[in-house]
Protein chains: 2
Amino acid sequence: MQSTSSYRSIRVLVITLLAGLSVPARAFAQGDPLPSWNEGAAKQAIVSFVKATTDQSSPTFVPPEARVATFDQDGTTWVEHPIYTQIVYCLDRVAVLAQTRPELKRIEPFKTVLSGDRAAIARLTKKDLLTILAATLSGMSVGDFKADVGRWLASAKHPRWNRLYTELTYQPMLEVMRYLRDNGYKTYIVTGGGQDFVRVFSDTVYGIPLENVVGTMGGTSYGYAKDGKPVLTKEPTLLLNDDKAGKPQGIYLMIGRRPRAAFGNSIGDREMLEYTAGGDGARLMMLVLHDDAQREYAYGPAQGLPDTKVGTFTQALYDEAKKKGWTVISMKNDWKRIFSFE
Amino acid sequence: MQSTSSYRSIRVLVITLLAGLSVPARAFAQGDPLPSWNEGAAKQAIVSFVKATTDQSSPTFVPPEARVATFDQDGTTWVEHPIYTQIVYCLDRVAVLAQTRPELKRIEPFKTVLSGDRAAIARLTKKDLLTILAATLSGMSVGDFKADVGRWLASAKHPRWNRLYTELTYQPMLEVMRYLRDNGYKTYIVTGGGQDFVRVFSDTVYGIPLENVVGTMGGTSYGYAKDGKPVLTKEPTLLLNDDKAGKPQGIYLMIGRRPRAAFGNSIGDREMLEYTAGGDGARLMMLVLHDDAQREYAYGPAQGLPDTKVGTFTQALYDEAKKKGWTVISMKNDWKRIFSFE
C-alpha cells in the first residue's frame, strides 16, 4: 500500500502527462466527432474509413506515418463564391501598389481595377488576372507579404455575410480535419491558391501547421536588406501550378506520400482524388457539391445546378465519382450546419 | 484516501501513457547524449544551444513548433569523397540504361562511362555529368526509381571501406539529430543531392521522415500506366537547385520556417547558415571541417588542407565562420568516433 504523498505525486504526473503530451482527444472526447453532419452515406463513409485504417485488427490498417489526408481549400474548406478570396486580396492590393507606383493608374488592367467599376472588373480576362496576380504577389520580402496578408485578413469582409473570410470556413470540414488528426492522420491543405498566402492562416484557421500547406508555388530570390541581413524576395516565377495534374505533382514534391483520403469540390481536384484512389487498401475520396443556394451557393453545372467558372463541378466528374465510389457530399443534405457562427 | 484499486488504475494509466505517447527520451535517458563527441567548444555549443532554446525559463526559449534544425547531407552527415554517392549511383545506372538503350554505347559521355576507364571518367566535364544525371534520374515512374535506388543502396559499396554507403554516416551527427529530436526539434535534411534519392533512405538511416527531406527538386508528369492507374514519371526538368542560395529558397518553399540550427560543411551551405543566423534569439551554425585524412579525408582548401571540387571549404568561409561565431567542427579533434562500426 502506497502512502498518500506517493499517490499524489503519481496523480500530478498523470495530470502533467495529460496536459503536456497532446493525448489524442478521442481518448476522452464524448459522443459524436462529426456533430455538424447529418446521418447518411457521407458521414458513414468518413467514420468507416477511419475505423478501417486505424483499428489494429483491420486488414486495411494503415501505420501512423502513412496516414495522410489532403484537403483542397477553395470551395472545400471555405467559401469560394462569388470569387476566390485570394483574388479579392490581389484586387484590393492594386490600390496599395498604386500608392508607390502611381503610373499603374494609367495602365491596364490596373486602371480598370482602380476604377472600382464592378462590371468592368468582372469582364477582366484570365490574362489580365495573371498580370494582376504577378504584380501583387511578388516584389516584396516574404516577411512583408505575410504581414500584409495578415492585416488584410483581419479586416476584409465577404460582402454577403459581412464577416471575415477566415470565418467562412465550413464547420463540417473542420470537424473532419480534427477527427482525422485525433486518429493519427496528418492533414494537409492542397490548394490551387498561393502556398504563401494560405500559410499565413492555416494554423489558426484549420489547425494545420504552415509546413503542411501545399499550394501554387512561386520562386524567391535570395538577397540582402540594407542592414546586411539576408532576405527572400517573392519573384513572379511559377514553380508549380498546384491544380488538376499539378495536385498529385505537388503532393509528391512536398509530402512524398500518396494520400489515404482526399477532399475536393471541383474539376481542379479530379487528379488528386484519382491519385489517392490509385493506391491499395482503404481510401476515401470525397467531393463537396454546392447545392445549397439558401445557406451558401448552388453551382455545378453537375445535376442541373447553375454553371460557374469558379469551382466548376461538371456532370462528367459527378458521373465519374458515382462510378468509382467517390463520395459526393451534398451541402444541402449532408451538412446540418455550414458555418460555426450559425 | 484512495483505494488500492484506484491507485493501481492510475499506475496502469501512467505506464500506458509512458509507453504509447513517445515521451521525450531525454526524460529517461541517462548520461551523455553526445558520446561520440570529445569535450570542447563544438560539443559545448550544441548543448548550450539546446538548453537556451528549450528551457522554459530561458529568455531565448523557442516554442516547439518553431524548433527546426537543418542538416546538409554530403560531407555533413555522410562521406562525400572521393565522389558524391548519388553520382556513383548515376554512373552505375548507365550500364542498366544501356541494356534497354544499346545506342548509348556509341554516344558520349555514356560511352566513356561504359568503358570503365577510371581516368577518362574522372575527366568528364560538368556538362557531361549533367547529361548523365538527366538520363539516369528521369524517364521512370517515381515508384520504379525508389525501388531501383533501394536495390542499389543494398549492394553498392564504398571502395575504401568496402561498406554500404548508408553505413558511412557520421555517428556524431546521428547523435546530434537524435539529441535535437529528443528536445522537440524537427530535423530536416537540406541537400544539394536529389530530393527523391535521399527520401529513399532518410527514415531508416537518419530517423528523418521522407517529408522532411529538402533537396534538389525535379519535375514530374502525371499520366497513366497500362492498367489505367495514375503514374507520376520523373522528368528532366529542374524545379530548384537546392545548393548555395537555393538552400534558403528550398527551406522557405518546403518548410516555411527559418531554421534555428543549421549544419553544413562547404561553400554550398554558406547561405543556409547565413539565413539561419539572420533570425533573432539563440541560433546554432556549424560547419564540419574534414581535417582527418587518417580516419576519413582531409580537404579544404581552408587551413592549408588539400583543395577539392567535392565539398569545397574555402579559407574565406572559414574566416567568415570565425568572425560571425559559427562553429567549425574539427573532425580530427571534435569527433571521438566517426562511424558506428569503428
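## A look at B:Glu320 and chain A

In chain B, B:Glu320 sits in helix α13, which covers residues 315-324. The model is a predicted one, so please read the values here as computed from it.

Is B:Glu320 buried or exposed? Its relative accessible area is 14%, so B:Glu320 counts as buried, the cut-off being under 20%. Which residues does B:Glu320 touch, once neighbours within four places in sequence are set aside? The contacts are B:Arg270, B:Glu274 and B:Trp326.

Now to chain A as a whole. Chain A is built with 14 helices and nine strands. A compact globule of 342 residues would have a radius of gyration near 20 Å, and the 22 Å of chain A agrees with that. Along the principal axes, the C-alpha atoms of chain A fill a box of roughly 85 × 60 × 35 Å.

| Property of chain A | Value |
|---|---|
| Residues that count as buried, out of 342 | 54% |
| Contacts with a separation of 6 or more that join residues 24 or more positions apart | 63% |
| Accessible surface belonging to carbon and sulfur atoms | 53% |

Chain A carries 42 positive and 36 negative charges. How far apart are the mean positions of the positive and negative charges of chain A? They are 3 Å apart.

Methods
Residues numbered from 1 in each chain as written. Chains lettered and ligands numbered in written order. Predicted model: local features only at pLDDT ≥ 70, side-chain atom pairs only at ≥ 80, totals over all residues. Heavy atoms only, no water. Helix = DSSP H or I, 4+ residues; strand = E, 2+ residues; numbered from the N terminus. Rg over C-alpha atoms; globule rule 2.2 N^0.38 Å. Buried < 20%, exposed > 50% of the residue type's maximum accessible area, 1.4 Å probe, protein only. Contact = heavy atoms within 4.5 Å. Areas by Shrake-Rupley, 256 points an atom, 1.4 Å probe, with all protein chains shown as cover. Lys, Arg positive; Asp, Glu negative; His and termini not counted. Charge placed at Lys NZ, Arg CZ, Asp CG, Glu CD.
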